[in-house]
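Have the structure open and follow along.

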Amino acid sequence: MKMLTSCSLWRRLATGIMVLTIVVIFFAIQLQRRVLHARSPEQGTFHSVLAGNPSVVKVPSKVDGYDMVPSDTCNDKCQDAIQANRLRKAAEVCSQVDNSKVRSIEQSLIDRLDHVVVLDRYKLLFCYVPKVACTNWKRTLLILLGLLGHDDEVSHLMIHSLAMAKLPTLKNLNTEEAVRRLNSYKKVMFVREPISRFLSAYRDKLEKPLNADSRAFRRGFSSRIKGINAAELGVQNAVEFNVTFYDFISYLGNPRNKLASPPEEHWRSVNELCSPCTLQYDFIGRMETLERDRNYVLKHFFEVDPISYRLHTSTNPTNSSKLRDDYIAEIPEKRMRALYERFRIDFDAFGYATPLS
């Protein structure tokens with residue numbers, strides 16, 4: 001009898017442990033699903049993981065030095081660690097943003113995502129940012145989709161025209177179609193140090209009327225940026241207005257200037273163009289490490305040999321730190337502070353230093 005009672009007790013104990021284990025595993029799975037997905041597609045709503053509380057990812061100290069340096073010695077393992085660091089940093093900054101403004105995907109937001117290209121063949125969403133190797137990426141995407149040949153010599157303006165006609169964006173989709181892709185596709189974006197990006201836009205579009213494109217920008221924005229009413233002054237050709245970099249930075253830092261005209265995509269914030277605090281990006285590349293990051297994306301997201309997709313040299317390079325320093329030397333801290341406040345997420349979320357002294 002005692003032996004039977006002992007066996008019965010052990011059997012009950014084993015059963016209890018098994019039940020407890022099953023319960024623990026069940027709740028662990030549910031917690032993991034909430035963290036990884038944080039979405040409810042059956043309701044047509046996508047919720048950002050990036051905007052939630054990020055897990056801490058320890059990055060080897062030696063990797064930190066590669067984050068902004070275009071070194072070829074950073075292998076895939078090094079790149080993975082860097083990406084963990086970049087995504088963690090973005091998540092930390094986004095977690096401080098008002099969640100009510102960033103977490104739900106609605107048609108009103110999708111209508112603004114006209115820079116997020118939908119690549120169904122690769123189950124990928126790619127956000128392009130003007131002045132961040134934008135033309136190079138559009139050319140590459142057109143080649144990957146078979147819409148352009150590797151050796152085709154196509155003008156800068158033709159690349160943009162083809163991309164506009166042939167590369168669909170999330171804005172082209174209804175809410176249901178957009179949410180389905182947001183919940184299942186990988187997402188890639190590339191960023192650039194904001195001051196360098198603005199300088200590139202300024203030199204290319206406003207500094208000198210070198211071609212039809214820059215003349216059109218000067219005609220459309222010079223008087224607006226300088227706060228001059230050309231009609232009242234009787235000026236027929238606003239292209240002659242000389243916009244200084246000081247004028248440009250002052251214009252960008254003033255929140256009353258909405259930067260809403262389509263051509264102002266060249267200096268609109270990355271936060272507005274790509275919604276990094278709402279969309280869950282899987283890869284954040286940098287202009288500063290463009291070739292290495294681009295090769296990684298081509299290899300792991302498109303599964304092609306990066307060697308076959310060469311980068312085209314910029315016709316208006318502005319990556320020199322000395323050139324950047326020369327231009328910002330004339331900008332007082334008050335103007336820089338206003339610029340930083342308006343583009344704070346672009347600086348902080350992507351790990352770029354504040355422009356304030």
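Why is strand β3 (residues 186-191) largely enclosed by the rest of the structure? Keep in mind that we're looking at a predicted model. Of the six residues in strand β3, five are buried, meaning under 20% relative accessible area, so the rest of the structure largely encloses this strand.

β3 has a pairing partner in strand β2 (residues 124-127): the two run in the parallel sense, with four bridges between them.

## The whole sheet

Now zoom out a bit. The sheet is an open one made of four strands, in the order β1-β2-β3-β4, and its pairing is mixed. β1 (116-119) and β4 are the edge strands, each pairing on one side only. Ignoring direction, neighbouring strands in this sheet are turned by 20 degrees against each other on average.

## A helix packed against it

Next up is helix α14 (residues 290-300). Its buried residues are Leu290, Arg292, Asp293, Arg294, Tyr296, Val297 and Leu298, so you'll find Arg and Asp side by side with Leu and Val in that list.

How many cavities of 30 Å³ or more turn up in a search of the whole structure? The search finds one. The largest cavity has a volume of about 40 Å³.

Its lining is made up of Val191, Arg192, Pro194, Arg197, Val270, Asp346 and Phe350. Sorted by type, the lining of the largest cavity has four nonpolar residues, three charged ones and no polar ones. Val191 ties this spot back to where we started: this lining residue falls within β3, residues 186-191.

Definitions and conventions:
Residues are numbered from 1 along each chain as its sequence is written. This is a predicted model: local features need pLDDT of at least 70, side-chain atom pairs count only at pLDDT 80 or more; totals for chains, interfaces and linings use all residues. Side-chain values use heavy atoms; hydrogens and water are left out. Buried means under 20% relative accessible area, exposed over 50%, partly exposed in between (1.4 Å probe, protein chains only). Two strands pair if DSSP finds at least two bridges between them. Axes are lines fitted to C-alpha atoms, for helices over the stretch in contact, and angles run from 0 to 180 degrees between N-to-C directions. On a 1 Å grid over the protein atoms alone, a cavity is a set of points where a 1.4 Å probe fits but cannot get out, and a pocket is an open set with protein on both sides within 12 Å along at least five of seven lines; lining residues have an atom within 4 Å of a point. Grid points are joined across faces, edges and corners, and a volume is the space filled by probe spheres set on the points. Ala, Val, Leu, Ile, Met, Phe, Trp, Tyr, Cys and Pro count as nonpolar, Asp, Glu, Lys and Arg as charged, and the others, Gly among them, as polar.
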